[in-house]
Amino acid sequence: MTSTEPLRRRAPEERPTQILDAAFHEFGERGLAGARLDDIAKRAQVAKGTIYLYFPNKEALFREMVHTTIVAALAEAEASRAGLQSETAAAQMRWLGHGWWTFLRTDRMQVLQRLVSLELGQFPDLLQFYADEVIARGRRLVSSIIARGVERGEFREVDSQVAARMFSSIWMTHSTWCARREFHNTLGSDEQVLDEMLEFYLYALRP
């Protein structure tokens, strides 16, 4: 929808999505602390009061941004993994590593990553929310695959929680580096980086 389209043509059911789209842009440009609901409303082409019908404040907007992106992706990964039980643990880790890397490199996840790493410490309630809904849930998914691999003798004896933390660290760090390739000019393409991470990580788990 262009900026010249009348507000009256907006279907009410589309407004939450339009507001979230605008919030991603504003938070990406100004940060969580600097973004204003006035500017989000202007970008979404709605009255400021309309935002309050769906989101009482910026914190609620952030939570919904996380729910519609990361939490939704985790739920999809959990459901998809149910159909991979016959696969080896290494195959499941390759599947998860590929999917997570693709997701990390999306524009919306890049915005959320910057907000989390640079600003979330200023918002204790949101920090706890993110730790519970994203970090803990993601670690459970990864650690369950690793624990199964250890149990089957596919992986060496490791603490699955620690191994899950290492997985997250490697993927998140390389995602940040790939977003700023001007400072990390030895990095190859996204596909090359993914192959390197998977080979390194799975080699570390070999029995």
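Predicted model: local features only at pLDDT ≥ 70, side-chain atom pairs only at ≥ 80, totals over all residues.
Helix H2 covers residues 37-44. Its buried residues are Leu 37, Asp 39, Ile 40, Ala 41 and Ala 44. These buried positions pack against three helices: H1 (15-34), H3 (48-54) and H4 (58-81).

**Helices H5 and H7**

Helix H5 spans residues 89-104, and its axis comes within 9 Å of that of H7, with a crossing angle of roughly 160 degrees. Because angles over 145 degrees count as roughly antiparallel, H5 and H7 are assigned to that class. Their crossing is left-handed.

On the H5 side, the contact is made by Ala 89, Gln 92, Met 93 and Leu 96. H7 contributes Leu 141, Val 142, Ile 145, Ile 146 and Gly 149. By residue class, the contact of H5 with H7 comprises 7 nonpolar and 2 polar residues, with no charged ones.

**Ser 143 in helix H7**

Ser 143 is found in helix H7, which runs over residues 124-151. Its relative accessibility is 6%. Since buried means under 20%, Ser 143 counts as buried.

The side chain of Ser 143 reaches the backbone oxygen of Arg 140 at 3.2 Å. Leaving aside residues up to four places away in sequence, Ser 143 touches Ser 160, Gln 161 and Ala 164.

Notes
Residues numbered from 1 in each chain as written. Heavy atoms only, no water. Buried < 20%, exposed > 50% of the residue type's maximum accessible area, 1.4 Å probe, protein only. Helix = DSSP H or I, 4+ residues; strand = E, 2+ residues; numbered from the N terminus. Contact = heavy atoms within 4.5 Å. Polar contact = N/O pair within 3.5 Å; in protein donor to acceptor, adjacent residues only side chain to side chain. Axes fitted to C-alpha atoms, helices over the stretch in contact; angles between N-to-C directions. Parallel < 35°, antiparallel > 145°, perpendicular 65-115°, else oblique. Left-handed = near helix turned anticlockwise from the far one by under 90°. Nonpolar A, V, L, I, M, F, W, Y, C, P; charged D, E, K, R; others polar.
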